[in-house]
Amino acid sequence: DKKKDRARITNLLDKSVATNVKWSVYHEMERHENQSPQGIRGDLDYLRKWFAWHPSWAHIDGRAVIFVYNEGSCDVSKRWSQANSNQEWYVVLKTFPGYEDC
């Protein structure tokens, strides 16, 4: 249930304001499907709307951080790069053999 998830995450973020703890999420859709860049963008927009603006959300160089589960391919890197073309997000992908060539 999205409302319960939003409430739980918001509660964690709110309780962390007075600490140095920062939060992000681990996006796992790549485990099950190859989302289109538009689908990824929709997820990023949802996270930005509800959570990434929060002071307890992790940011690097002013960009919200998101970790992505991936088996590792240049296709994954390309789709996430397209979805994040505005570079609002600091996307952390798992390295894989050949990632330097992407």
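Visitor: Where does V21 lie?
Guide: V21 lies in the loop between α1 (2-15) and β1 (26-27). Note that this is a predicted model.

Visitor: Why is V21 called partly exposed?
Guide: Its relative accessibility is 41%. Buried means under 20%, and exposed means over 50%. The value for V21 falls in between, so V21 counts as partly exposed.

Visitor: What makes V21 part of a nonpolar patch on the surface?
Guide: Patch residues need over 30% relative accessible area. V21 has 41%. L12, V21 and W23 form the patch, with about 240 Å² of accessible area together.

Visitor: How do you know that H54 is buried?
Guide: H54 has a relative accessible area of 5%. The cut-off for buried is under 20%, so H54 is buried.

Visitor: Where is H54, and which residues is it in contact with?
Guide: H54 sits in the loop between α3 and β2 (59-60). Leaving aside neighbours within four places in sequence, H54 is in contact with L13, D14, V17 and H59.

Visitor: How many residues has the largest nonpolar core?
Guide: That core has 14 residues. Those with the most contacts inside it are L44, L47, W57, I66, W80 and W89. At least two residues each come from α3 (37-52), β3 (63-68) and α4 (74-83). The largest share, 5 residues, is from α3.

Visitor: What does I66 touch?
Guide: Residues up to four places away in sequence are not counted. I66 then touches S24, V25, H27, L44, L47, W80, W89, Y90, V91 and V92. Contact here means heavy atoms within 4.5 Å.

Methods: Residues numbered from 1 in each chain as written. Predicted model: local features only at pLDDT ≥ 70, side-chain atom pairs only at ≥ 80, totals over all residues. Heavy atoms only, no water. Core = buried A, V, L, I, M, F, W, Y, C linked by side-chain atoms within 4.5 Å. Buried < 20%, exposed > 50% of the residue type's maximum accessible area, 1.4 Å probe, protein only. Helix = DSSP H or I, 4+ residues; strand = E, 2+ residues; numbered from the N terminus. Patch = residues over 30% accessible without salt bridge, like charges linked within 9 Å, V, L, I, M, F, W, Y side chains within 5 Å. Areas by Shrake-Rupley, 256 points an atom, 1.4 Å probe, with all protein chains shown as cover. Salt bridge = Lys/Arg side-chain N within 4 Å of Asp/Glu carboxyl O.
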